[in-house]
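Visitor: I have a model open here and would like to go through a few local features. Can we start with the loops?

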Amino acid sequence: MNKLKRYAGLVWIIAGPLIFILLLIAAWYNIDSAGKKDINNPVPWVIIIGIFLPIVIGLVIFGWYALKGEYDHLPEDSTEIE
Amino acid sequence: MGTLIEWYDFYIFGMLAKTISVQFFPEGNDVAALLSTLAIFAAGFIVRPFGALLFGRLGDLIGRKYTFLLTLVLMGSATFLIGLVPGYKTIGVLAPILVLLLRLIQGLALGGEYGGAATYVAEHAPANKRGLYTSWIQTTATLGLFVALGVILLVKSSMSNEAFDAEWGGWRYPFWLSILLVGVSIYIRMKMKESPLFAKLKHEGKTSVNPLKESFSHKANFKMVLLALFGAVMGQGVIWYTGQFYAQNFLETRVMIEFGQSRTILLWAILFATPFFVFFGWLSDKIGRKWIMLIGMLLGVLFYRPIYQSFLDSVDHTKIEFVDLKVTAKPKIEAVPIGTTNGFVRTITTSYASANGWAYTETVRDTVRQQGDAIVAKPITKYTDRQLPKPVFWKFVWLVFIQIFFVTMVYGPVAAFLVELFPTKIRYTSMSLPYHIGNGVFGGLVPFIGLLLTTSFPADPLVGLWYPIIVASLCFVIGALYLNNKIDPNVND
């Protein structure tokens, strides 16, 4: 099981940038000054991309921790966290 | 009670969005349009997580009781004041600016409330009943929605549409009501004592000096924040929003059910499903939190498309047997010339009702030549203001109920799960941020990504569901792989 957890870490590391690139492509194709829908408006895209950047970085770090075996054993009380 | 009121305050803005946009963000004004977009997106996506950090830090420094008292005052005052802001017609661009500021305060306060309430209850609960006790906090988001729906329906049904939508009309009453509710809840909260675990830490001088730093720069704790977000709360957020907001929006804009009936369907479904929050909270104390939450996500992944397909099939005119269908009002015909051509667009609007309980408005648009009425383009038919007969109405209540049942599975145990993941001195900060990213960002994006997918792939009316399905699937896999089903017996650490 721990091996699977570690290998899956690679998936999360790759998934992070992939999701971000998909978001950028979607923004590029949908921002349209003539459009009237929310998805044509650049403001939501700027907010969403801005807030997703740290989340995507978080997913990559999560993957990195998984790959390094940090989740092989979860802490059972706070002394393991401190 | 206070958490329920905070949710009520947050929802009435969204539910009255159409009226609010007419009053404060009129079409054709670029500044108002920009402020409107910011009010919708920034309040959920930026301000909620920021509120989680700000008030989480305060809660870990000065205590749970005073922090969530502060969030309640902020939320109640902001809501009441939105109801007092004069419309755009009276004070111009100042109106949308004030509403945006108050909406941001609402988002900030909501970001700070939940973590405090969940932590406070969990720290008072016996170890073997933590899931049960905190599940009452979990009912508040849905009950807040229920109360908001009920109050708006009640006010709307007591007056004409014109009186409701007027500048100082009935739409303001739900905002004004908030001050009364908040007053009662402040009174209750003032009488409450500080969390015993936090009070003990404070007495011993062991509270955190810098909870933000301890939560996010200590690897051992930060990795648990990431696990909470990607292995539980991210999926919970999309299941929550799909089961309640996406369902309501779908019924109104795709299935075209009449306003009152669509809201009543949601009200019944919420009423029947709410006890299951407490049931799954209780069950999680017996068998663990992990698998209840993950199975809730998996059921959403498997059943969303069949459920929504069933909505569409139930109102498919080629499959319905209308008994004694009659026109209920004289058809209205409008004709609009097409530029300088010799044709015009004709719109015929006809209302129908059948003896077996169906009623709807049919709008047929076609292009005809100016001389005579030879149709030169295929007519486009739309059905709106649908009213369902009793059996179909209850079938829809059932289909929405199932979705909220999934919500109760993922949401009922999640507060206890988050509380147990983090130590007392940084609990408020550490659990608030993943919760509000999961709900505010991942959940809040359900309508936006739904619109994005529907626009990109218009042939599939259910394409918007792929976003919650993919996010919930990803979360299910991460949760199944990495989460622990063990219940932490000791949250006093």
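Visitor: Is Asp324(B) buried or exposed?
Guide: This is a predicted model. In it, Asp324(B) is exposed, because 8 other C-beta atoms lie within 10 Å and the cut-off for exposed is 12 or fewer.

Visitor: Where is Asp324(B) found?
Guide: In the loop between H15 and E1 of chain B. Its phi is positive, near 55 degrees, and Asp324(B) is a residue other than glycine.

Visitor: And what is the phi of Met256(B)?
Guide: About 60 degrees, so positive, although Met256(B) is not a glycine. Met256(B) lies in the loop between H12 and helix H13 (259-273) of chain B. Met256(B) counts as partly exposed because it has 16 C-beta neighbours inside 10 Å.

Visitor: Helices next. At what angle do H12 and H19 of chain B pack?
Guide: At about 65 degrees, with the axes 10 Å apart. On the H12(B) side the contact includes Tyr241(B), Phe245(B) and Asn249(B); H19(B) contributes Val446(B), Pro447(B) and Gly450(B).

Visitor: How many of the contact residues are charged, polar or nonpolar?
Guide: Six are nonpolar, three are polar and none is charged.

Visitor: Where is the kink in H15(B)?
Guide: At Phe303(B), shortly before the proline Pro306(B), with a bend of about 50 degrees. H15(B) has 25 residues and spans 35 Å from first C-alpha to last, close to the expected 36 Å.

Visitor: Now strands. How many bridges pair E2(B) with E3(B)?
Guide: Six, in the antiparallel sense. Glu334(B) stands opposite Thr347(B) in E3(B). E1(B) also runs antiparallel to E3(B), joined by two bridges, and Val327(B) stands opposite Tyr352(B).

Conventions
Residues numbered from 1 in each chain as written. Chains lettered and ligands numbered in written order. Predicted model: local features only at pLDDT ≥ 70, side-chain atom pairs only at ≥ 80, totals over all residues. Axes fitted to C-alpha atoms, helices over the stretch in contact; angles between N-to-C directions. Helix = DSSP H or I, 4+ residues; strand = E, 2+ residues; numbered from the N terminus. Contact = placed C-beta atoms within 7 Å. Nonpolar A, V, L, I, M, F, W, Y, C, P; charged D, E, K, R; others polar. Expected span 1.5 Å × (residues − 1). Bend = angle between axes of the 7 residues up to and from the residue. Pairing = 2+ DSSP bridges. Buried ≥ 20, exposed ≤ 12 C-beta atoms within 10 Å, placed from the backbone.
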